[in-house]
Amino acid sequence: LLGLLSLVAFLFWHFTPVGLKSSGLPVLVLWTLFVGWSSVRLVKALAREPVVHGPVLQGAMAGYLLLGLTAGLLFSALETIHSGSFSSVHGPAIRVPITDQIDNAANVLVWQFNFVRLNYFAFVSLTTVGFGDITPLTAQAQMASVAVSVIGTFYLAVVMGLLISRATVQVEQDAEAQATRAD
């Protein structure tokens, strides 16, 4: 239900003019709740896996990619709520150049933002690389960037801890099984 509500909010936001800034608020709230809930479920599922194998590693990677893509969506919604939240050294690259509409923000649709740049910035923040070519300017954008950086580091620490503990248990069980066979 939360995923469906998030999808409906996204579609509504996607097709609204930027002039309706409040359309980004449901996206921010619902997607944050949905991804938070999904991430907790994913980590719990990884913790229940007795053996580390390909699908477990793929699930861990999918969770990390989900966090990055969601951060890009949230940064995009933040840009619609408060225009000018992000700046780029490459110029005004957050908006896709649109002739005759660039001066009239009410006619610029949300999907005309440059999602590639904001998703790039989201993954740069998530991985804590911080190239510095895109900068959060507003307090909200800065706090969102910090939150994404902390969540990315925390996710990696938790998932790596789970996977390493499972792999260690696997190695110990294999060693015990070989010792038993040797006797």
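Modeller: A residue is called buried under 20% relative accessible area, exposed over 50%, and partly exposed in between (1.4 Å probe, protein chains only). The model is predicted, so that local features need pLDDT of at least 70 and side-chain atom pairs count only at pLDDT 80 or more, whereas totals for chains, interfaces and linings use all residues. Residues are numbered from 1 along each chain as its sequence is written, and side-chain values use heavy atoms, without hydrogens or water.

With a relative accessible area of 55%, F15 is exposed. F15 sits in the loop between α1 (2–14) and α2 (24–48); helices here are DSSP runs of H or I, at least four residues long, numbered from the N terminus. Together with L4, L7, V8 and L11, F15 forms a nonpolar surface patch of about 500 Å² accessible area. Such areas come from the Shrake-Rupley method with a 1.4 Å probe; for residues, only the protein chains shown count as cover. Patch members have over 30% relative accessible area and no salt bridge, and nonpolar side chains (Val, Leu, Ile, Met, Phe, Trp, Tyr) are joined within 5 Å. A salt bridge places a side-chain nitrogen of Lys or Arg within 4 Å of a carboxyl oxygen of Asp or Glu.

The interior is described by nonpolar cores: buried Ala, Val, Leu, Ile, Met, Phe, Trp, Tyr and Cys residues joined through side-chain atoms within 4.5 Å. The largest has 31 residues, and V27, F75, F86, Y155 and V159 have the most contacts inside it. At least two residues of this core come from each of α1, α2, α3 (54–81), α4 (115–126) and α5 (139–182). The largest share, 10 residues, is supplied by α3.

Methods:
Patches are made of residues with over 30% relative accessible area and no salt bridge: like charges are joined within 9 Å, nonpolar side chains (Val, Leu, Ile, Met, Phe, Trp, Tyr) within 5 Å.
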